Amino acid sequence: MTHIAATVTEPHPRADSRIIVRGVHKNFGSGRDTFTALHDVDLEIQEGSFTTLFGPSGCGKTTLLRILAGLQTQDSGEISLFGQTPRAATREKNIAWIPQSSALLPWREVRANALLSKVVNRRADRRASPKRVDQEVETVLNEMGLRDFARSRPSQLSGGMRQRASLARGFVHGAPVMLMDEPFSALDEFTREALRYQLLDMWQLLRKTVVFVTHSASEAVLLSDRVVVMTSRPGRIHRIIDVDLPRPRHARLERSIEFHEKVTEVRNALQEGWS
Ligand SMILES: Nc1ncnc2c1ncn2[C@@H]1O[C@H](COP(=O)(O)OP(=O)(O)O)[C@@H](O)[C@H]1O
Ligand SMILES: [Mg+2]
């Protein structure tokens, strides 16, 4: 596995090895209809870590992710992604965005969809030889269990396979930061479970800095180094919980007492935030 990782990832010199969110505030609407989506959000994320935003609908998870991606601007506060502004990081293709439902091009085969980010990224990827790109795509498709579907069109795939292809595209993109907004929420429980582990394997291999959003406490604990528990009205961070469970994580971990204790801690933190 290690030799593959060495071909897929490239060391990026960084001004800073953190994503920093400092005092971020975001309102929607105006006057009496002003709604505070994010209130005084502070967060520091280490390069290569897996962080999950966890909280009820409407607590600002998507808004925070969109601000990190430079798709929306905050009203006040600062954001730095390894020393870059969100806009600069997006412009330089340092951010991959994985949406809730796979946004694959229906007329392209899975492989071509995965490669799309490379085509779009051609400028940023001048150094990558075609052979090397082929190798990367193949590695990612294999790891994501898509080897036999590389030549299929999205319409020929199940929802789970489409979302796998969407994740594969995110990994092929090559960006050091991956922002994932509830990527598994539309999937059935079995598919979701399988995909969690595939995501973990890919992350373990490529060590991207991931910010992931979910409503599921057990999903948050299984995947993350840290779970950011958010509450709503106004959307804010209630507590940040370290998940110091060993990696790589396997299904048997989910049956352990330590795992259940951590899930309970996350759930309790959410409830405290409500009361
Ligand atoms: N573009 C927008 N205009 C007005 N209100 C918005 C907009 N985007 C989000 N909101 C509101 O901000 C709050 C947080 O939304 P969102 O970040 O999508 O929450 P989450 O992803 O946690 O469910 C919600 O109450 C939502 O209705
Ligand atoms: Mg959302």
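**View 1. Strand β5 alongside β6.** Strands β5 and β6 (residues 177-181) run parallel and are joined by 4 bridges; strands pair if DSSP finds at least two bridges between them, and a strand is a DSSP run of E with at least two residues, numbered from the N terminus. Look for W97, whose bridge partner in β6 is L179.

Before you zoom further: this is a predicted model, where local features need pLDDT of at least 70, side-chain atom pairs count only at pLDDT 80 or more, and totals for chains, interfaces and linings use all residues. Residues are numbered from 1 along each chain as its sequence is written, chains are lettered from A and ligands numbered from 1 in the order in which they are written, and side-chain values use heavy atoms, with hydrogens and water left out.

**View 2. The open sheet of 6 strands.** Its order is β5-β6-β7-β3-β8-β9, with mixed pairing. At the edges sit β5 (95-98) and β9 (236-242), each pairing on one side only.

**View 3. Helix α6 across β5 and β6.** Helix α6 (residues 159-173; helices are DSSP runs of H or I with at least four residues) lies across both strands, at about 180 degrees to β5. Contact means heavy atoms within 4.5 Å; axes are lines fitted to C-alpha atoms, for helices over the stretch in contact, and angles run from 0 to 180 degrees between N-to-C directions.

**View 4. The open sheet of 3 strands.** Here the order is β2-β1-β4, with antiparallel pairing. Helix α2 (residues 61-68) lies across β1, β2 and β4, at about 120 degrees to β1.
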